[in-house]
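Subject: Structure handover

Hello,

Here is the structure you asked for. My notes on it follow below.

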Amino acid sequence: MKRFYSHGKLLFTGEYVVLDGAVSLAVPTLYGQFLDIEQGDEGKLKWMSLDENDLVWFETEFEIQNGGILNPVQNDDPISERLLQILKAAKQLNPEFLNDNEGYSITTALGFPKNWGLGTSSTLINNIASWAEVNPYRLLKMTFGGSGYDIACATANNGITYQLNTENNEILNQVQDDSKPSIRSVDFNPSFKNHLYFVHLNQKQNSRDGIAQYRTNSSDLSESISRISEITNSMIVCDTLDGFQQLMNAHELIISNIIKQIPVKERLFNDFNGSIKSLGAWGGDFILVASKTNPSTYFKNKGYDTVLPYSEMI
């Protein structure tokens, strides 16, 4: 059996503007996804996906014909069609991939609920890229798109800064020659991490929709991008909770002005005694909470039951 594993991800700074070259802080999570490959029936590729409770949430089957051409057994399943797109893209990048009539039994296993937004897609892309021995950034570009920071987190062991070289605003154009975006490992381990929490907003935000909305902005973002990059670098070295909260608040204000959305604290938690910052696409998934006291009771009283201390997520 072959086994591959990828970490989930959280984008601490630079949501949206990471697409336009802002230096962003991203961290891998303790939660991730496995991909197990075993020998199966000849000429068949059987796929099974398990959720965090080891329950099957998706199954499909493909026929493998001469030259590794995959044909779905059923054609009316959008998830199966998306998976087929990914496998065909991997084969396009490496024609030797699946270039036989051997059978495969594939199992994926998530370590987190799908609606948490920690990277169900990115961990899958990275695992398939590892299996197919192809560049994961190029595979991402051919399938889901995006900045690629989630791919960088998939194999990272600590925090990273991530920056795209966005010539002509072409996302991931630099990976056409198999190069990578600018990725730097950082020692992000705040002394006040016991005062940081992650709260799930009970809904999953589609990052592609958020990116599309962001792309409707036609204003000059150079000053905002520069300021976000400064905040990123300041957060990495910040050694006080109060200072970190000031950076969180400043970041929220900048992004709010860019995407013309009300910050989540003002919209949902305006009576909260602490700082709140959206992570990734605004409107769903997790928020970062900085508080001098444990905020679990506050959020649970408002119906947000998933409150994770920093040490349980990062």
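In what follows, a helix is a DSSP run of H or I with at least four residues, a strand is a DSSP run of E with at least two, and both are numbered from the N terminus. Please keep in mind that this is a predicted model.

Helix α2

With that definition, α2 covers residues 120-132. Directly after α2 comes glutamate 133, which has a positive phi, near 60°. From the first C-alpha of α2 to the last is 18 Å, close to the 18 Å expected for its 13 residues at 1.5 Å a residue. The helix is largely enclosed by the rest of the structure, because 11 of its 13 residues are buried. Among them are Leu124, Ile125, Ile128 and Trp131, and also the polar residues Asn126 and Asn127.

Threonine 123 belongs to this helix. Its relative accessibility is 0%, so threonine 123 counts as buried. The side chain of threonine 123 comes to 3.3 Å from the backbone oxygen of threonine 120. Setting aside residues up to four places away in sequence, threonine 123 touches Ser6, His7, Gly8 and Gln33.

Helix α7

A similar check was done on α7, residues 241-259. Its 19 residues should span 27 Å at 1.5 Å a residue, and the end C-alpha atoms are 27 Å apart, so the two values agree.

Strands around β6

Strand β6 takes in residues 103-110, and seven of its eight residues are buried. Two strands are joined to β6. Strand β2, residues 24-40, runs antiparallel to β6 and is joined to it by eight bridges. In that pairing, phenylalanine 34 stands opposite alanine 109. Strand β3, residues 44-50, runs parallel to β6, with six bridges between them. Here methionine 48 has threonine 107 of β6 as its bridge partner.

Aspartate 36 is located in β2. It has a relative accessible area of 11%, and the cut-off for buried is under 20%, so aspartate 36 is buried. Its side chain makes a polar contact of 2.7 Å with the side chain of arginine 3. Apart from neighbours within four places in sequence, aspartate 36 is in contact with Met1, Lys2, Arg3, Ser105, Ile106 and Thr107. Arginine 3 also lies over the face of phenylalanine 34, at 4.3 Å from the ring centre. Phenylalanine 34 is the residue that stands opposite alanine 109 in β6.

Aromatic rings

Another arginine, arginine 82, lies over the face of phenylalanine 144, and the distance to the ring centre is 4.3 Å. As for ring-to-ring pairs, the structure holds 17 of them. One is formed by tyrosine 298 and phenylalanine 299, with 5.0 Å centre to centre and 90° between the planes, which makes the pair edge-to-face. Tyrosine 298 and phenylalanine 299 are both buried. Ring pairs also link Phe12, Phe188, Phe192, Phe198, Phe244 and Tyr310 into a cluster. 

Regards

Definitions and conventions:
Residues are numbered from 1 along each chain as its sequence is written. This is a predicted model: local features need pLDDT of at least 70, side-chain atom pairs count only at pLDDT 80 or more; totals for chains, interfaces and linings use all residues. Side-chain values use heavy atoms; hydrogens and water are left out. Rings of Phe, Tyr and Trp (its six-membered ring) pair if their centres lie within 6.5 Å; planes under 30 degrees apart count as stacked, over 60 as edge-to-face and the rest as tilted. Buried means under 20% relative accessible area, exposed over 50%, partly exposed in between (1.4 Å probe, protein chains only). A charge sits over a ring if NZ of Lys or CZ of Arg is within 6 Å of the ring centre and within 35 degrees of the ring normal. Two strands pair if DSSP finds at least two bridges between them. A polar contact is a pair of N or O atoms within 3.5 Å; within protein, one must be able to donate a hydrogen and the other to accept it, and residues adjacent in sequence count only if both atoms are side-chain atoms. Contact means heavy atoms within 4.5 Å. The expected span of a helix is 1.5 Å times one less than its number of residues.
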